[in-house]
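I opened this notebook to record what I looked up, entry by entry. The structure comes first, then my notes.

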Amino acid sequence: MSHPVHPDLLPPGVRAIDIAPGLPGLAFQHPAFSATLSLYGGQLLDFTPTGGQPLLYLSPQSRFEDGKAIRGGVPLCWPWFGAHPQDAGQPQHGVARTAPWTVSAVARSDDGFHVKLAGPRPELHGSTLEASLTLQLGPGVDIALTSRNLGNEPASVSAALHSYLAVSDLRDIHLSGLEGAGYHDKLRAEHATLPAQPWRFTAATDAIVAAAGPCQLHDPGWQRRIAISSSGSASTVVWTPWQQGAANMADLPDDGWQRFLCVEAANAGSDARLLAPGASHTLRQQLQLLAL
Ligand SMILES: O=P(O)(O)OC[C@H]1O[C@H](O)[C@H](O)[C@@H](O)[C@@H]1O
């Protein structure tokens, strides 16, 4: 199958590649960073500053197969987050991450690259929503997912930019910015409040926090911080499977859980949005690498 993007349409520094057989992508090379985007899922898989550690974790055991979600980078959970609200037979986290996305534009910008993608057609997920994604790569990463209701009735959307943030060792990092926020603990099915201190991780965690940050992930091992900010969101999902959860996941190495924390800009739980006919909503996350 030929690549959906003709190389002549790409600016200098961008190459049409195959992530795996049948899964097309784009590779970006800039003096300050390199990056990889999968058109399958519209999923950013890598952003690595030149000479530095990657911003995003990508599991070396991820499956790269049609019908399977890629484990790592920034999966797009859309048009629902978690289980489908009415139909348990639908895939977890929606259809966007296992659908082909198409390139609407790729341009070089002052700091890097600007990319626009169009998401799966509404027929694929039985709603009247359409999705588009804009990505600014460089100096950090800025991802904006826009949902638009093409129908004549209101339509509900829940979503997450499910970023796998790479860390030197999960047991040594902390997350600040969500102190004292209320959250829904998905593992215990109860509501709770985060402590007043920065968040350290000592066990499996799956929380829908009723706050949008901004937050900072402090990583002394790599002498860096990741500044995380969002808009169009009033909820942040924080997830680590920890050791035991990872042992049950075929697409994650046994020690892979130590290498990432998911901090997801979301419209999850009660933060799902109802879009009037013709209305649109943009969920956005910005990630910036800073020295400690
Ligand atoms: O395994 P996946 O379908 O990719 O989901 C991975 C995780 O995503 C989110 O963070 C959810 O809150 C978790 O409950 C889920 O386990």
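I looked up the sheet: 8 strands form an open sheet in the order β6-β7-β8-β9-β22-β18-β17-β13, with antiparallel pairing. Strands are DSSP runs (E, at least two residues) numbered from the N terminus, and two of them pair if DSSP finds at least two bridges between them. β6 (102-108) and β13 (174-176) stand at the edges with a single partner strand each, so one side of each has no neighbour in the sheet. From one strand to the next the twist averages 15°, taken between lines fitted to C-alpha atoms, with angles from 0 to 180 degrees between N-to-C directions.

I noted that the model is predicted: local features need pLDDT of at least 70, side-chain atom pairs count only at pLDDT 80 or more, and totals for chains, interfaces and linings use all residues. Residues are numbered from 1 along each chain as its sequence is written.

β18 (residues 224-231) and β22 (residues 280-291) pair in the antiparallel sense over 8 bridges. Arg-224 stands opposite Ala-291 in β22.

Methods
Helices (H or I, at least four residues) and strands (E, at least two) are DSSP runs, numbered from the N terminus.
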